[in-house]
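Work through the exercises below with the sequence and the structure at hand.

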Amino acid sequence: MSVDTSQVGEMMRQIVPWVRTVGIQFLEAGPEKVVVELPDLEENRNHVGGPHAAMMFGAAETASGALVAAAFIEQLAIATPLPTKGEITYAKLARGRLTATAVLGRPAADAIAELKAGIRPDVPVHVTINDAEGLETGRLDIVWTLKPHSKG
């Protein structure tokens, strides 16, 4: 099965209602890279007028989840992707619209081989968060796993 990148964003909007709620848009979505946009909405802002830290984390986590779904689309019939740990760095005061760009931290083929061998793989994802001017305002390093479905 090949990845229909045009459907990744719609799939995320359907299975993760929060994505619809905060207005995340998918600018690029495929098995190599996902880029999402968090709009500059007043209800998403913090006390200093920028996107709230939770919104920044949420946008980055959404990009990482969409990337894992796209990279492992053929394995979704046998395993559920779940985040296991994440560390975010807020590097600069964010203002306005943000983009979060996610890339895999290891080859998908290696994780697929582990899954086939009965090992629950760890899949690191690196996400950069940039403001509308392209300045990096944060980073998220998050680890996902592919949890095999229960038999029975």
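**Exercise 1.** Determine which residues of helix α1 are buried and what covers them.

*Solution.* Step 1: the structure is a predicted model, in which local features need pLDDT of at least 70 and side-chain atom pairs count only at pLDDT 80 or more, while totals for chains, interfaces and linings use all residues. Residues are numbered from 1 along each chain as its sequence is written, and side-chain values use heavy atoms, with hydrogens and water left out.

Step 1: helices (H or I, at least four residues) and strands (E, at least two) are DSSP runs numbered from the N terminus. Helix α1 spans residues 8–15, and Val-8, Gly-9 and Met-12 are buried in it (buried: under 20% relative accessible area; exposed: over 50%; partly exposed: in between; 1.4 Å probe, protein chains only).

Step 2: viewed down the axis of α1, these buried residues fall within an arc of 100 degrees, so they line one face of the helix. The arc is taken from the directions from the helix axis to the C-beta atoms.

Step 3: the cover over the buried residues of α1 includes α2 (17–22), β1 (25–29) and α3 (53–71).

**Exercise 2.** Describe the surroundings of Arg-13.

*Solution.* Step 1: Arg-13 belongs to helix α1 and is partly exposed, with a relative accessible area of 22%.

Step 1: apart from neighbours within four places in sequence, Arg-13 is in contact (heavy atoms within 4.5 Å) with Val-19, Arg-20, Ile-24 and Phe-26.

Step 2: Glu-74 lies 61 residues from Arg-13 along the chain, and their C-alpha atoms are separated by 19 Å.

**Exercise 3.** State which elements give two or more residues to the lining of the largest pocket, and how the lining residues divide.

*Solution.* Step 1: on a 1 Å grid over the protein atoms alone, a pocket is an open set of points with protein on both sides within 12 Å along at least five of seven lines, whereas a cavity is a set where a 1.4 Å probe fits but cannot get out; lining residues have an atom within 4 Å of a point.

Step 1: the lining of the largest pocket includes Met-11, Glu-61, Leu-76 and Trp-144. The elements giving two or more residues to this lining are α1 and α3, and α3 gives the most, with five.

Step 2: the lining divides into nine nonpolar, two polar and one charged residue (nonpolar: Ala, Val, Leu, Ile, Met, Phe, Trp, Tyr, Cys and Pro; charged: Asp, Glu, Lys and Arg; polar: the others, Gly among them).
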